[in-house]
Amino acid sequence: MAVDRLLPSQEASDLLALTAEIARDELAPAAAGAEERELFPRKAFQLLGASGLLGLPYPEEHGGGGQPYEVYLQVLEELSSAWMTVGVGLSVHTMSCYPLARCGTDEQRDRWLPEMIGGDLLGGYALSEAHAGSDAGALRTRADRDGDEYRVTGTKSWITHGGVADFYALMARTSDDGPRGISCLLVDGATPGLSAAPPERKMGLTGSPTTELRFEDARVPADRLLGGEGHGLAIALNALDSGRLGIAACAVGLAQAALDLAVDYAKGREQFGRPIIKFQGVEFLLADMAAAVQSARAAYLDGARRRDAGRPFGTQASVAKLVATDAAMKVTTDAVQVLGGAGYTRDFPAERYMREAKVLQIFEGTNQIQRMVIARDLAKG
């Protein structure tokens, strides 16, 4: 079902039309098979790059699309409705470019950003560790200065695109000064001493590799330090604000796909001589699903429009991430219910949608962390 969108320009409308065509013709037909075989869709990202969709919110002078965040997020939603691995992958790539785009020097941006957002390269975001998930300030991976290089040692966990990314935005400890001792390095994926463990065995998003990253005396040139030593945690948290809006948009895309599937099935499935969509128990369920999808979309668009206007949006990003991902979990679960026994089989994508929805409540900051962020903002008045 086509979403009736309010877009800021004809260019944005054309961009969404292109995205919908790619999602319908290229991504949706390949999604189920690739997820079942756990195949990473690198060609899909190459297609997005060739179509100009890998750098939408970044400046045109560096090869980006120069689009408002509200437009980029709706592109992300459209892609996620066809294939969540691709939508989440684009969101992670965009977040991985953020430290350089926002905190790099002009020389660093001119040198690396065009290639990163031009379509040929794919990024990863290396923040979490086994003992430092929600408590990001507790990370232990070290980056010790050694002449014109940093010597990096440690292990990162739960890294999307681990082992397949061309570059990583790495948060590592450059001093023992607690959260103020963390810095951000732009690491080439082919750096000697950097390796990825075998992918985690996940319940969903099986086409997207999630791995540990191991740094064993990996040498990173000192000119790849972004924003100065000690600024890494602030860079990471700012990137996460934008990244949470991205995950919210992905969640809405997934929920929209589940709603569309449930409506189509309810129109065609007959019991007691009429389509089940005519029964109040089903139609009220579908109505609640539709309300949840539209409310979540409004939440992420509010955050995006504040970001585009240069206003604070961190709390709105947490609200959007919380509302949208909880909605995705409920809507996908209800879609399985509408399909009944058929929803529990792999003949329909409802069960895959439900499995994929769960992780959205966990990464980019668990929904419990989002509640803490929102509550602390309320306490500040």
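Author: Let's start with Glu61, which counts as exposed because its relative accessibility is 65%, and the cut-off for exposed is over 50%. Keep in mind that this is a predicted model. Glu61 sits in the loop between helix H2 (42–50) and helix H3 (69–82). Glu61 belongs to a negative surface patch, together with Glu11, Asp14, Glu60, Glu107 and Asp110. Two helices, H1 (10–37) and H5 (106–117), each supply at least two residues of that negative patch.

Side chains of opposite charge can pair when their charged atoms come close. In this model the count comes to 24 salt bridges. One of them joins the side chains of Arg42 and Asp166, at 2.6 Å from N to O. Arg42 lies in helix H2 and Asp166 in the loop between strand E3 (149–160) and strand E4 (167–173), so this pair ties together parts that are 124 residues apart in sequence. Are these two side chains buried or exposed, or something in between? Arg42 is partly exposed, with a relative accessible area of 22%, and Asp166 is also partly exposed, at 25%. Both values fall in the middle class because buried means under 20% and exposed means over 50%.

The loop between E3 and E4 is also the place of His161. With a relative accessible area of 0%, His161 is buried.

Asp217 has a relative accessible area of 39%, so Asp217 is partly exposed. Arg219 counts as partly exposed too, at 31% relative accessibility. Another salt bridge is found where the side chains of Arg371 and Asp326 meet, at 3.1 Å from N to O. Arg371 lies in helix H10 (residues 367–380) and Asp326 in helix H8, so here the pair ties together parts that are 45 residues apart in sequence. Arg371 is partly exposed, with a relative accessible area of 40%, and Asp326 is partly exposed with 26%. Some salt bridges share partners, and in this way Asp146, Glu149, Arg151, Asp217 and Arg219 are joined into one network.

Rings come next. The count of aromatic pairs comes to 4. Among them is the pair of Phe40 and Phe45, which is stacked: the centres are 5.7 Å apart and the planes are 25 degrees from each other. Why does that angle make the pair stacked? Phe40 counts as partly exposed at 22% relative accessibility, whereas Phe45 counts as buried at 1%. For Tyr265 and Phe348, the ring centres are 5.7 Å apart and the planes stand at 90 degrees, so this pair is edge-to-face. Tyr265 lies in helix H6 (residues 232–268) and Phe348 in the loop between helix H8 (314–339) and helix H9 (350–360), so the pair ties together parts that are 83 residues apart in sequence. Tyr265 counts as buried at 18% relative accessibility, while Phe348 counts as partly exposed at 27%.

Finally, have a look at the backbone in two loops. Phe272 has a positive phi of about 55 degrees although it is not a glycine. Phe272 lies in the loop between strand E9 (270–271) and strand E10 (274–275), and with 77% relative accessibility Phe272 counts as exposed. Glu364 also has a positive phi, near 60 degrees, and is a residue other than glycine. Where is Glu364 found? Glu364 lies in the loop between H9 and H10. Glu364 is buried, with a relative accessible area of 12%, whereas Glu61, where we began, counts as exposed.

Terms used
Residues numbered from 1 in each chain as written. Predicted model: local features only at pLDDT ≥ 70, side-chain atom pairs only at ≥ 80, totals over all residues. Heavy atoms only, no water. Patch = residues over 30% accessible without salt bridge, like charges linked within 9 Å, V, L, I, M, F, W, Y side chains within 5 Å. Areas by Shrake-Rupley, 256 points an atom, 1.4 Å probe, with all protein chains shown as cover. Salt bridge = Lys/Arg side-chain N within 4 Å of Asp/Glu carboxyl O. Lys, Arg positive; Asp, Glu negative; His and termini not counted. Charge placed at Lys NZ, Arg CZ, Asp CG, Glu CD. Helix = DSSP H or I, 4+ residues; strand = E, 2+ residues; numbered from the N terminus. Buried < 20%, exposed > 50% of the residue type's maximum accessible area, 1.4 Å probe, protein only. Phe/Tyr/Trp six-rings, centres within 6.5 Å; stacked < 30°, edge-to-face > 60°.
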